[in-house]
Amino acid sequence: MITKVLEVDNRTAAVHFILLGFPTRPAFQMLLFLVFLAAYLLTLLENVLIILAIRSDGKLHKPMYFFLSNLSFLEMWYVTVISPKMLVDFLSHDKTISFNGCMTQLYFFVTFVCTEYILLAVMAFDRHVAICNPLRYSVIMTNQLCGTLAGGCWLCGLVTAMIKMVFIARLYYCGTPHINHYFCDISPLLNVCCEDSSQAELVDFFLALMVIAVPLCVVVASYASILSTILRIPSAQGRQKAFSTCASHLTVVILFYSTTLFTYARPKLMYAYDSNKAVSVLYTVIVPLLNPIIYCLRNREVKAALKKTILCKRSGPMEDMALSN
């Protein structure tokens, strides 16, 4: 395949990248395609059902579920940025992606990752107020504050991604770079550039430190306060009820942070290991697939609302048929 090139300052710059993905036999490629397609469609279905359940059930019109619907909406786009291209590459011999396509994918992926870090911290703060200040919860967590916090999460994600892109997109990539990954991520791009990327690495490390460390401190502080409050509750039943309201969120936080923390703390170093691809599958495919299940299994209100939503969807066509007869 002949790749077009551009002349930049008398140097030849590539306008295409080749994503190596998962180099295996064709039969196994088809198996991977089916597995990842099922995971992608199931993730979309789960999150759509959660959003519909929260919107249709008045009991779930609370700050906790407002943030959960934001998380579900985010994760639908989070997987959509990566999965369609990955699925196409399983069936195609041409695994190229244009420079603009790669940078667009990277921009939105970084946006959603950064937004999720901050959103999970906001959800931890919400649980802190609900458990540690229950009598003032409705006064503190107003609709205006919830909307501002959610909007702030998205704005911080967009701005952080934009700053990173300014430094990464202007790097010089020569020839036809072969990226040993299944999507355009920061670490692969830093490793295939043909010039000193130390400035971009420094900016990326600083922003990653801010976006990961600050929300993580909020999460840790919130749950330390929550744990202290729960331990002061005299009855075992009361302690169990209080903990159950934040158990699902804590599980999601542990899954997301544990799979992304060491990858993005030192991006260029992590790319040296093939295990980086396996770890990426965890937080780009497995964790978004598990998150809605965790919230459904651990939360009775969400589970009841989902049952009601699914039953309504099923009974609707049957009622229409009965009326037409």
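Me: Let's take isoleucine 131. Which residues does isoleucine 131 touch, not counting those up to four places away in sequence?

Reply: Isoleucine 131 touches Ile226, Thr229, Ile230, Ala242, Thr245 and Cys246, once residues up to four places away in sequence are set aside. Do keep in mind that this is a predicted model.

Me: Thanks. And where is isoleucine 131 found?

Reply: Isoleucine 131 is found in helix α4, which covers residues 99-132.

Me: Buried or exposed, that isoleucine 131?

Reply: Buried: the relative accessible area of isoleucine 131 is 11%, and the cut-off for buried is under 20%.

Me: Ile230 was on that list. What separates the C-alpha atoms of isoleucine 131 and isoleucine 230?

Reply: Their C-alpha atoms are separated by 8.0 Å, and the two residues are 99 apart along the chain.

Me: OK, zooming out for a moment. How many helices and strands are there in the protein chain?

Reply: The protein chain has 12 helices and 5 strands. It runs to 325 residues, of which 48% count as buried.

Me: And among contacts between residues at least 6 apart in sequence, what percentage join residues at least 24 apart?

Reply: That comes to 80% in the protein chain.

Me: Back to α4, then. At what angle do α2 and α4 pack?

Reply: Helix α2 (residues 63-80) and α4 pack at about 165°, and their axes are 10 Å apart. That angle makes α2 roughly antiparallel to α4. The crossing of α2 past α4 is left-handed.

Me: Which residues make that contact?

Reply: From α2 the contact uses Pro63, Met64, Phe67, Leu68, Asn70, Leu71, Leu74, Glu75, Trp77 and Tyr78. From α4 the partners include Phe109, Phe112, Val113, Leu119, Leu120 and Met123. By class, the contact of α2 with α4 has 15 nonpolar, 2 polar and 4 charged residues.

Me: How about α4 with α6: what are the angle and the axis distance there?

Reply: α4 and α6 pack at about 145°, with 8 Å between their axes. α4 passes α6 in a right-handed crossing. Among the residues making the contact are Met103, Leu106, Tyr107 and Val110 of α4, along with Leu149, Cys153, Trp154 and Cys156 of α6.

Me: Then α6 and α8. How do their axes cross?

Reply: The axes of α6 (residues 143-168) and α8 (residues 198-231) come within 9 Å and cross at roughly 170°. The two helices are therefore roughly antiparallel to each other. α6 passes α8 in a left-handed crossing.

Me: Is phenylalanine 17 buried or exposed?

Reply: Phenylalanine 17 counts as buried, at 0% relative accessibility.

Me: And which residues form that one aromatic cluster?

Reply: Phe22, Phe36, Tyr78, Phe90, Phe109, Tyr182, Phe183 and Tyr283 form it.

Me: Last topic, a couple of serines. Where is serine 69 found, and what does it contact?

Reply: Serine 69 is found in helix α2. It is buried, with a relative accessible area of 16%. Leaving aside neighbours within four places in sequence, serine 69 is in contact with Ile51 and Ile54.

Me: And serine 83, in which helix does that lie?

Reply: Serine 83 lies in helix α3, residues 83-91. Serine 83 is buried too, at 4% relative accessible area.

How values were computed. Residues are numbered from 1 along each chain as its sequence is written. This is a predicted model: local features need pLDDT of at least 70, side-chain atom pairs count only at pLDDT 80 or more; totals for chains, interfaces and linings use all residues. Side-chain values use heavy atoms; hydrogens and water are left out. Axes are lines fitted to C-alpha atoms, for helices over the stretch in contact, and angles run from 0 to 180 degrees between N-to-C directions. Helices (H or I, at least four residues) and strands (E, at least two) are DSSP runs, numbered from the N terminus. Angles under 35 degrees count as roughly parallel, over 145 as roughly antiparallel, 65 to 115 as roughly perpendicular and the rest as oblique. A crossing is left-handed if the near helix is turned anticlockwise from the far one by less than a right angle, and right-handed if clockwise. Buried means under 20% relative accessible area, exposed over 50%, partly exposed in between (1.4 Å probe, protein chains only). Contact means heavy atoms within 4.5 Å. Rings of Phe, Tyr and Trp (its six-membered ring) pair if their centres lie within 6.5 Å; planes under 30 degrees apart count as stacked, over 60 as edge-to-face and the rest as tilted. Ala, Val, Leu, Ile, Met, Phe, Trp, Tyr, Cys and Pro count as nonpolar, Asp, Glu, Lys and Arg as charged, and the others, Gly among them, as polar.
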